[in-house]
Amino acid sequence: MRLPSFVRNASWCCSGRLLSRPFSQVVRSSGRGERPGGEELSRLLLDDLVPGRCSAGGLELLFGLSPCLLALRAARRRVARLLLQAGKAGLQGERSELLQVAEARGIPVLRPRRQKLDALCRHQVHQGVCMEVSPLHTRPVTEAGEARPGDDPQQLWLVLEGLQDPRNLGAVLRSAHFLGVDKVITSRRNSCPLTPVVSKASAGAAEVMDVFSTDDLIGFLQAKVHQGWLVAGTVGCTEPKIPQYSEIPITNCLEFIWDRPTLLVLGNEGSGLSREVQDSCQLLLTILPLQQLPPGLESLNVSVAAGILLHSICSQRKRFSAEEEREQPPQVSSATIRRPRVAQYSGLSSGSEQERRNGS
């Protein structure tokens, strides 16, 4: 395949050797109002780019500003090349950082038109940024570490059984990262993998989190019970009553007291927790509605329920820490106190506002 001369000059030649002229210099050398690459790049065929699904080289197309930027920062994926939409209101802020990091690492950069990016992403919201990358995989649960209850009484691990919708999984990961969940464990069977759609829905949280998986979820839960952990399942129940088939108590999530290491277990979008996993739980948490609901609206989307449950639990950690700080005598003057950072990664704390600024 013969690449256009602009592409050869700006990134890689056919042999893969990085040429001396970086992409930013090509952009700067273009005249005002002229799209870098001109007509040659406008004729770039879709076949010249990797499609949204995995290619023969095992690559996939990651899309969205925050996922791509956080993937570059985390450096956990192999990046084949960066695609920046041509004519996208200049390369400033995070887009400029993307370009600088790509050049520093010798990553080829292309600037196709929006129509080509739309087709590559199957009309997902890409914000003018895509990257051809190696897939992201979960890690085996054996690498999660052997945290003991005595290490920290307020450890929280989120366990996901059979989540299949990538957008639900991404939204759950975003909430878990934001609220400070220590680890996320998924069942390998019937669960969605860490796809680019998951990363986009998580606003890039999937790129910086360690997500573990296990083939034996029931065995994992039972082992944690023997180690002294509380295994708390979830159930969509309109009132805290004990089902006839189970003796496991059901508690309103707002009344739950987090006083020991806990595994919070969420089930499949449609069927919830399996019978076997539910029987492995010591407690079931539920979210009570605040009004009478018509049939069909008695439950919440799993990602929404995850956010409510995690906040009701993790807010206890915040209060616990605040009470400890009030009991301790001040050791620094008020002039030296700095306001805490809202989030470690800019793409996670204000994703919705960022998306509105960047557009689609």
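Q127 sits in the loop between α6 (114-120) and β4 (129-133). The model is predicted. In this model, Q127 has a positive phi of about 60°, although Q127 is not a glycine. Q127 counts as buried because its relative accessibility is 3%, and the cut-off for buried is under 20%.

A203 also has a positive phi of about 60° without being a glycine. This residue occupies the loop between α8 (196-201) and α9 (205-208). At 4% relative accessibility, A203 is counted as buried. A positive phi is found at G106 too, near 70°. G106 follows helix α5.

Helix α5 covers residues 93-104, twelve residues in all. At 1.5 Å a residue, α5 should span 16 Å. The C-alpha atoms at its ends lie 17 Å apart, which agrees with that expectation. Several residues of α5 are buried, namely E94, R95, S96, L98, L99 and A102. An α-helix has 3.6 residues a turn, so residues three or four places apart point the same way. Within α5, the buried residues include E94 and L98, and also R95 and L99.

The sheet comes next. Eight strands form an open sheet with parallel pairing. Their order is β5-β8-β7-β6-β11-β9-β12-β10. The edge strands are β5 (139-140) and β10, and each pairs on one side only. Strands of a sheet pair through backbone hydrogen bonds, either parallel or antiparallel. N252 has T286 of β12 as its bridge partner.

Helix α7 (residues 166-179) touches β6, β7 (183-187) and β8 (211-214). The direction of α7 makes about 175° with that of β6. Helix α10 lies across β6, β7, β8, β9 and β11 (262-266). The angle between α10 and β6 is about 160°.

The whole structure holds two aromatic pairs. In one of them, the ring centres of W157 and F220 are 6.4 Å apart and the planes meet at 10°, so the pair is stacked. W157 belongs to strand β6 (residues 156-160) and F220 to helix α10 (residues 217-226). The pair therefore ties together parts that are 63 residues apart in sequence. Both residues are buried: W157 has a relative accessible area of 0%, and F220 has a relative accessibility of 11%. Ring pairs join W157, F220 and W229 into a cluster.

V235 lies in the loop between β9 (230-234) and β10 (250-252). With a relative accessible area of 24%, V235 is partly exposed. Which residues does V235 contact, leaving aside its neighbours within four places in sequence? The contacts are I250, L284, L285 and T286. T286 is also the bridge partner of N252. V235 and L266 are 31 residues apart in sequence, and their C-alpha atoms are 8.4 Å apart in space.

Key. Residues numbered from 1 in each chain as written. Predicted model: local features only at pLDDT ≥ 70, side-chain atom pairs only at ≥ 80, totals over all residues. Heavy atoms only, no water. Helix = DSSP H or I, 4+ residues; strand = E, 2+ residues; numbered from the N terminus. Buried < 20%, exposed > 50% of the residue type's maximum accessible area, 1.4 Å probe, protein only. Contact = heavy atoms within 4.5 Å. Phe/Tyr/Trp six-rings, centres within 6.5 Å; stacked < 30°, edge-to-face > 60°. Pairing = 2+ DSSP bridges. Axes fitted to C-alpha atoms, helices over the stretch in contact; angles between N-to-C directions. Expected span 1.5 Å × (residues − 1).
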